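Subject: Structure handover

Hello,

Please find the structure below, handed over for your use. My notes on what was found in it follow.

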Amino acid sequence: MNQKASINLLGLPRHRLEPFFAEQGEKAFRASQIMKWVHQHGITDFQKMTNLSRVLRNRLQDECEILVPSLLTEQRSADGTRKWVLRLSDDNAIETVFIPEAGRGTLCVSSQVGCALDCTFCSTARQGFNRNLSPAEIVAQLWYAQRVLIDHQQGPRVITNVVFMGMGEPLLNFENTVDAISLMMDDHAYGLGKRKVTVSTSGVIPAMDRLKDRIDVSLAVSLHAPNDELRDRLVPLNRKYPIKDLLAACKRFVRGKNRKHTITFEYVMLADVNDSQFHARALAKLLQDVPSKVNLIPFNPFPKTPYRRSEDSVIDRFAAVLQQRGITTITRRTRGGDIDAACGQLVGKVLDRSRRQRRFMRLERDVPVQNRPTP
Ligand code: SAH
């Protein structure tokens, strides 16, 4: 790696690459050329970018770099799900999960190292928060997965969907998330359609409003409870942004969009906590005038959690109540549970944890951080 290298081109979307080349007296189409080399061909050596002039290649080599993550560990689930723990340049680590399904492949990416929110049923929360990922570090997950999967000859379009449902709250890392999505959707990079990239949020209302104005992307909202009293306990962010305001923001998000545009509401199924028929009816009522789909997520347990997963029959009955009231409801099949790759089980490795984490560690001395990779 070049010693002087500084600008990591991996994370620059078109709206940053074009001015970058303009400053160098280069034409705007250089941006497309670079994106194709890096993101479609996986080339990180400027000298191999043969449609650039030798002068430009040398200048890029002197001033820039294409820094990609390295692999710490890889795990494969019996169901085909794959989890990669990727090492960042500062030795933090993040997790990325690939979920193959018939006719599509979904990549679940992380947006932060750890998470600052404190959802009580999520194991990432126990890690505390370290820092935001850069646009390059977010896109790097897709870059990496694509390289690995293509190498295994699974075809160039093996990743059809990206969901921001790994570690972190993407809307608390707003600008970097938007830049990364912009690259994911660019035809000269990954060319994913707007319905194929989903940002999942705990409900950061001001950022939801900004997102709508910045980029056309699908939105999933982690609701998990039909009333504030319960949601305050499960998703503490609710105390700041309560349900009524959150649903109003959801309506603003879809306003003016195609009629088919819906918000996906995620609802983790916790036995005897939020999974009764009463909760289902209350949820249906809440969502009646929001264009919505509901995704029921069977709780994925982790050590020392007080919660239990709802029985399948309870989940089915809950789903039936919603369906009867006209709400499309899908129960998310747990994937990768045997490799701790399922929702809420991602922990990566977080260096220099935040004060909240230290507080947490004082409260609960020996919280085991499961599945921590050893570098
Ligand atoms: N911060 C974002 C992304 C988080 S993870 C958000 O809150 O939406 C994606 C989904 O997994 C969220 O809906 C989250 O609430 C859910 N989840 C977290 N922990 C879980 C667990 N242990 N079991 C099942 N789902 C969980």
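**A contact between two side chains**

The side chains of Asp186 and Arg14 are joined by a polar contact of 2.9 Å. Before going further, please note that this is a predicted model. Asp186 belongs to the loop that runs between α5 (174-185) and β10. Its relative accessible area is 11%, so Asp186 counts as buried, the cut-off being under 20%.

**The ligand**

How many residues surround the ligand? There are 21, and the closest are Phe121, Ser200, Ser202, Ser222 and His224. Sorted by class, this shell holds 10 nonpolar, nine polar and two charged residues. Three strands each supply at least two residues of the shell: β10 (197-201), β12 (263-269) and β13 (292-298).

- Ser222 has a polar side-chain atom 2.6 Å from an oxygen atom of the ligand.
- Glu169 has an N or O atom in its side chain that is 3.1 Å from a nitrogen atom of the ligand.
- Asn300 has a polar backbone atom 2.9 Å from a nitrogen atom of the ligand.

How much of the ligand's accessible area does the protein cover? On its own the ligand has 540 Å² of accessible area, and the protein covers 96% of that.

**Aromatic rings**

A pair of aromatic rings is described by two things, the distance of the centres and the angle of the planes. With centres within 6.5 Å as the rule, the count comes to five aromatic pairs.

One of these pairs is made by Tyr267 and Phe318, with 5.0 Å from centre to centre and 35° between the planes, and the pair is tilted. Which parts of the chain does this pair tie together? Tyr267 is in strand β12 and Phe318 is in helix α10 (residues 312-324), so the pair links parts that are 51 residues apart in sequence. Tyr267 and Phe318 are both buried.

Another pair is formed by Phe299 and Phe302. Their ring centres are 6.1 Å apart and their planes stand at 65°, so this pair is edge-to-face, the cut-off for that class being over 60 degrees. Phe299 is buried, with a relative accessible area of 1%, and Phe302 is buried as well, with 7%. Ring pairs also bring in Tyr307, so that Phe299, Phe302 and Tyr307 are linked into a cluster.

**Charges over rings**

Two arginines have the charged end placed over an aromatic ring. For Arg147 the ring is that of Trp143, with the charged end 5.7 Å from the ring centre. For Arg210 the ring is that of Phe174, and the distance to the ring centre is 4.1 Å.

**Positive phi angles**

Asp272 is not a glycine, yet it has a positive phi of about 60°. Asp272 sits in the loop between β12 and α9 (277-286). Is Asp272 buried or exposed? Its relative accessibility is 66%, so Asp272 counts as exposed.

Lys304 is not a glycine either, and its phi is positive at about 65°. The loop between β13 and α10 is where Lys304 is found. With a relative accessible area of 46%, Lys304 is partly exposed.

**Two positions with 0% accessibility**

Gly128 lies in the loop between β7 (112-114) and β8 (129-132). Gly128 is buried, and its relative accessible area is 0%.

Val113 is part of strand β7. At 0% relative accessibility, Val113 counts as buried. The C-alpha atom of Val113 is separated by 6.7 Å from that of Met167, a residue 54 residues away along the chain.

Regards

How values were computed:
Residues are numbered from 1 along each chain as its sequence is written. This is a predicted model: local features need pLDDT of at least 70, side-chain atom pairs count only at pLDDT 80 or more; totals for chains, interfaces and linings use all residues. Side-chain values use heavy atoms; hydrogens and water are left out. A residue is near a molecule or strand if one of its heavy atoms lies within 4 Å of it. A polar contact is a pair of N or O atoms within 3.5 Å; within protein, one must be able to donate a hydrogen and the other to accept it, and residues adjacent in sequence count only if both atoms are side-chain atoms. Accessible areas come from the Shrake-Rupley method with a 1.4 Å probe; for residues, only the protein chains shown count as cover. Helices (H or I, at least four residues) and strands (E, at least two) are DSSP runs, numbered from the N terminus. Ala, Val, Leu, Ile, Met, Phe, Trp, Tyr, Cys and Pro count as nonpolar, Asp, Glu, Lys and Arg as charged, and the others, Gly among them, as polar. Rings of Phe, Tyr and Trp (its six-membered ring) pair if their centres lie within 6.5 Å; planes under 30 degrees apart count as stacked, over 60 as edge-to-face and the rest as tilted. Buried means under 20% relative accessible area, exposed over 50%, partly exposed in between (1.4 Å probe, protein chains only). A charge sits over a ring if NZ of Lys or CZ of Arg is within 6 Å of the ring centre and within 35 degrees of the ring normal.
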